[in-house]
Amino acid sequence: MTAKEQLVSWFHGRETTLTEAVSRLVRIDSTLGEPAPGQPFGPGPAAALKEFLSISGEWGLPGEDLEGYVGVVDLNDKPDALHILGHLDVVPAGEGWTVTEPFVPKLVDGLLYGRGASDDKGPMVAALLAMKAIKELDAPLTKNVRLILGTDEETAMRDVEWYYDRHPYAPNTLSPDADFPIINIEKGHYQPVFGAKWEPETALPRVTAFTGGPRVNMVPPKASATVLGLEADAVRQAAEGLGLEAEIRFTVTGIPGGCEILCAGQNAHGSTPEEGHNAQTALIALLASLPMAELPSTAAIRALSRLFPHGDHTGTALGISQSDELSGALSLAFTILELNEEGFEARFDSRTPLCGTEETVNAVAEKALKNAGFTVEGRLDPPHHVPADSPFIQTLANAYETWTGEKSECLAIGGGTYVHDIPGGVAFGANMPGFACSLHGPDERVSVQDLMTTAEIYAQVILELCT
Ligand SMILES: [Zn+2]
């Protein structure tokens, strides 16, 4: 029998083993909680870690809990060739579940539903099943694979930071916490804080307050502002005159001496601003068009409107727009603005391609912001890149193509994955292209057949890297 035939035969009929193990983990609400001794991320993540280590022990692969930060399961006592890094913590259940309760796993038509089924408990069990297959097939291994069970991916990634502060990197690391085929480029992050201060003024009309987005990595779905010295009707007319897209809606309400303006848009992830409708930049555009008194707050609003015009998702007006063939275009979303009678503080979220440097990103943005009279602070977190022609990626691509029959390809993304800070790390699965897993949403699900394929792919990768 060839190695592939041996694997096919070993995996045959193991679906129930897999789904039962994933279900045991889904039943545990492993959202971040209050720290306790040995439970740095609270009782939920700790319980999920304990349960996973029970399963791995039952499967003949005993693991170890490292002070509650991560668990590790080793295939053997040889030197590490590969780390498989995933996580057992989950995002909160949220609303809108229809197929089952979030922590009551349910199998319907080959799909297993429940919080964490896809992110990342199912894929972690698939990786463990791959290790069990290799162990039971008695392959002549000369190297080890270590499965690292993270417990803080969804919040601050203090788990991997803790682990890699104390343990060396492996020559190769893959994470099943994203999508197939292969994510080998993660753009850099540039999210500086900038602002200005001024003396409280009395001249009218003027903007006295502005509240934009709550998070740096989310396109703001809402923004609000208070204007004194202008009637609501005049502001409504100005809003209509802007002619913005239909998804942007302004609500203007009269208050004593002026009006309040609410702007509603559509949120999106900060790395994909073109998928949203930025309420903050729309409201700034409206304010900049109003006949305000010549004041520092007015000058600031007009400068913000000039540097971050509504609909500019690539940093063109700021002067940092750039792209390259491998990683695509720089993206920019203006996401946070808090303004009051004494000044403002703001941030934007920019994802920078491989060609982006301190000179072409920070220096240019800082100059533009300082020219507008603002202070600015923040550094560039560089991009992550593992070349597509490296032997590791060739191995991953080959395994993916062997077991799915689909062509592999390398993807560049703007969001960061679990391996962003791990040298040579690659996100490899486990969501199959086109499968809607409802990541972080209601009715999160995973295809059992896809998980079996994932296990087979990982088993082949382990065989090739460890023998
Ligand atoms: Zn995840």
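R24, E51 and E58 are linked in a network of salt bridges, a salt bridge being a side-chain nitrogen of Lys or Arg within 4 Å of a carboxyl oxygen of Asp or Glu. The model is predicted, so local features need a pLDDT of at least 70 and side-chain atom pairs count only at pLDDT 80 or more, while totals for chains, interfaces and linings use all residues. Residues are numbered from 1 along each chain as its sequence is written, and side-chain values use heavy atoms, with hydrogens and water left out.

By the salt-bridge rule the count comes to 11. In one of them the side chains of E444 and R115 meet at 2.7 Å, N to O, and this pair links distant parts of the chain, with E444 in the loop between β27 (430–431) and β28 (445–447) and R115 in the loop between β5 (111–113) and α4, 329 residues apart. Helices (H or I, at least four residues) and strands (E, at least two) are DSSP runs, numbered from the N terminus. E444 is buried, with a relative accessible area of 1%, and R115 counts as buried at 1% as well; buried means under 20% relative accessible area, exposed over 50%, and partly exposed in between, with a 1.4 Å probe and protein chains only.

The zinc ion is coordinated by H87 (NE2), D119 (OD) and, through two entries, D177 (OD) and D177 (OD), at 1.8 to 2.8 Å. Donors are N, O and S atoms within 2.8 Å of the metal (3.2 Å for Na, K and Ca), and water is not among the atoms, so sites may look incomplete. H87 lies in strand β3 and D177 in the loop between β7 (172–175) and β8 (178–179), so the pair ties together parts that are 90 residues apart in sequence. Both H87 and D177 are buried.

Of the 66 residues in the largest nonpolar core, L147, F428 and I462 touch the most other members. Such a core is a set of buried Ala, Val, Leu, Ile, Met, Phe, Trp, Tyr and Cys residues joined through side-chain atoms within 4.5 Å. The largest share of this core, 12 residues, comes from α11. A second, separate core of 49 residues includes L230, I261, L307 and F334.
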